[in-house]
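Q: Could we go through this structure together, one topic at a time? I should like to begin with the aromatic rings.

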Amino acid sequence: MLFLLTIIGFLTISSCWSEIFSYNPPKNLSQAIIIGVKKCGTRALLKFLSIHPAIAVASTELHFFDSYTNFQHGLQWYRAQIPINRSSQHIIIEKTPSYFINKSTPLRIARLLPDAQLIIIIRDPITRAISDYVQLRNRHRFYPSFDDWISSSNFTQRTPVKIGCYTQYLRRWLKYFPRHQMHFVDGENLIHHPWEELEHVQTFLNLPVRIHREDFYFNPNKYGFPCLRQTNGCLGLNKGRRHPVIANQTRNKLNDFYLTCNAKLKRLAQINFSWI
């Protein structure tokens, strides 16, 4: 029975790959994908981009390329999740933050969408780890403080900490995509000067700049997080949450850990963000 199930699973995935290899991608597949990174502002970035008249966005995270179940549904399933590309819209964007760290995703996207433009938003890895921790803490009634959480000897193996060493995942993507098909968004600057990051993204996508400073305002009830004027759009209540204050010892410990990672990221991604 186990052997039979294994064969069936192999044939299903093989069929999906066969469909991809023989497929000429239509225009109503994603031309740009926000592949990550989790807790760096992917949802805010997609929401901000959605007001551009030439951009259509998928309303949910599709998890096509990183999910065994969804991937075996094939391209017809993926196409059904993509918004209709109206004549005035030139680019379809989807975002699934877990794509960035998933081992199977780079090859799958490269096979199906070799010309896809990849958007990667990253931020100070310490801030990212704290944000990830806050989300975990809110899901559990009893949870240690962030300082206690980092004080353990194996803290570098905790997923929220590991993700912030971005280069270990970026190397996988660079095996299948050239650097010029990637654009890095500074998640810290997106919070304080979103129009600057949006201008860079629009230029990367070869679109006229239609998103400007006057499209944003800062909501004091969301700890100063930017919101959109034209849609009265602020992110949900679970976004823009207050972070705990951490001890200097904890911050120094994380700084030491990320020092080498950030130096490698600067060279590999060819970026020079202020927090690196």
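Q: How many aromatic pairs does the count come to?
A: The model is a predicted one, and in it the count comes to 18 aromatic pairs. In the pair of F64 and F71, the ring centres are 5.3 Å apart and the planes stand at 50°, so this pair is tilted.

Q: Is F64 buried or exposed? And what about F71, buried or exposed?
A: F64 has a relative accessible area of 0% and is buried. F71 also counts as buried, at 0% relative accessibility.

Q: Which aromatic pair do F100 and Y169 form, stacked or tilted?
A: F100 and Y169 form a tilted pair, 5.8 Å from centre to centre and with 55° between the planes. This pair links distant parts of the chain, since F100 is in the loop between strand 3 (91-95) and helix 5 (105-112), while Y169 is in helix 9 (residues 167-174), 69 residues apart. Both F100 and Y169 are buried.

Q: Which residues form one aromatic cluster?
A: The cluster is formed by F64, F65, F71, W77, Y78 and Y99. One of these, Y78, also has a polar contact through its side chain with the side chain of S30, at 3.1 Å.

Q: Where is S30 found?
A: S30 is in the loop that runs between helix 1 (2-21) and strand 1 (32-36). Its relative accessible area is 2%, so S30 is buried.

Q: What else is S30 in contact with, leaving aside neighbours within four places in sequence?
A: Besides Y78, S30 is in contact with I82, I92, E94 and L113.

Q: Changing topic to the sheet: what is the order of its strands?
A: It is an open sheet of 5 strands in the order 2-3-1-4-5, and the pairing is parallel. Strand 2 (55-57) and strand 5 (182-186) are the edge strands, each pairing on one side only. On average, neighbouring strands of this sheet are turned by 25° against each other, direction ignored.

Q: How many bridges join strand 4 to strand 1, and how many join strand 4 to strand 5?
A: Strand 4 (residues 117-122) pairs with strand 1 over 4 bridges, in the parallel sense. I34 stands opposite I119 in strand 4. The parallel pairing of strand 4 with strand 5 runs over 5 bridges, and L118 has M182 in strand 5 as its bridge partner.

Q: Why is strand 4 described as largely enclosed?
A: 6 of the 6 residues of strand 4 are buried, so the rest of the structure largely encloses it. In a regular strand the side chains alternate between the two faces of the sheet. Both faces of strand 4 are covered, with Q117, I119 and I121 buried on one side and L118, I120 and I122 buried on the other.

Q: Which helix lies across strand 4 and strand 5?
A: That is helix 11 (residues 194-204), which runs at about 175° to strand 5. H200 is in helix 11 and is partly exposed, with a relative accessible area of 43%. The C-alpha atoms of H200 and V185 are separated by 8.2 Å, although these residues are 15 apart along the chain.

Q: Finally, helix 6: how many of its residues are buried?
A: 11 of the 14 residues of helix 6 are buried, so the helix is largely enclosed by the rest of the structure. Among them are P125, I126, R128, D132 and Q135. The buried residues pack against helix 7 (146-151), helix 8 (159-162), helix 10 (187-192) and helix 12 (248-269).

Q: What caps the N-terminal end of helix 6, and what should its 14 residues span?
A: D124 is the cap, with a side-chain oxygen 2.9 Å from the backbone nitrogen of I126. At 1.5 Å a residue, the 14 residues of helix 6 (residues 125-138) should span 20 Å, and the end C-alpha atoms are 20 Å apart, which agrees.

How values were computed
Residues numbered from 1 in each chain as written. Predicted model: local features only at pLDDT ≥ 70, side-chain atom pairs only at ≥ 80, totals over all residues. Heavy atoms only, no water. Helix = DSSP H or I, 4+ residues; strand = E, 2+ residues; numbered from the N terminus. Buried < 20%, exposed > 50% of the residue type's maximum accessible area, 1.4 Å probe, protein only. Polar contact = N/O pair within 3.5 Å; in protein donor to acceptor, adjacent residues only side chain to side chain. Contact = heavy atoms within 4.5 Å. Expected span 1.5 Å × (residues − 1). Pairing = 2+ DSSP bridges. Axes fitted to C-alpha atoms, helices over the stretch in contact; angles between N-to-C directions. Phe/Tyr/Trp six-rings, centres within 6.5 Å; stacked < 30°, edge-to-face > 60°.
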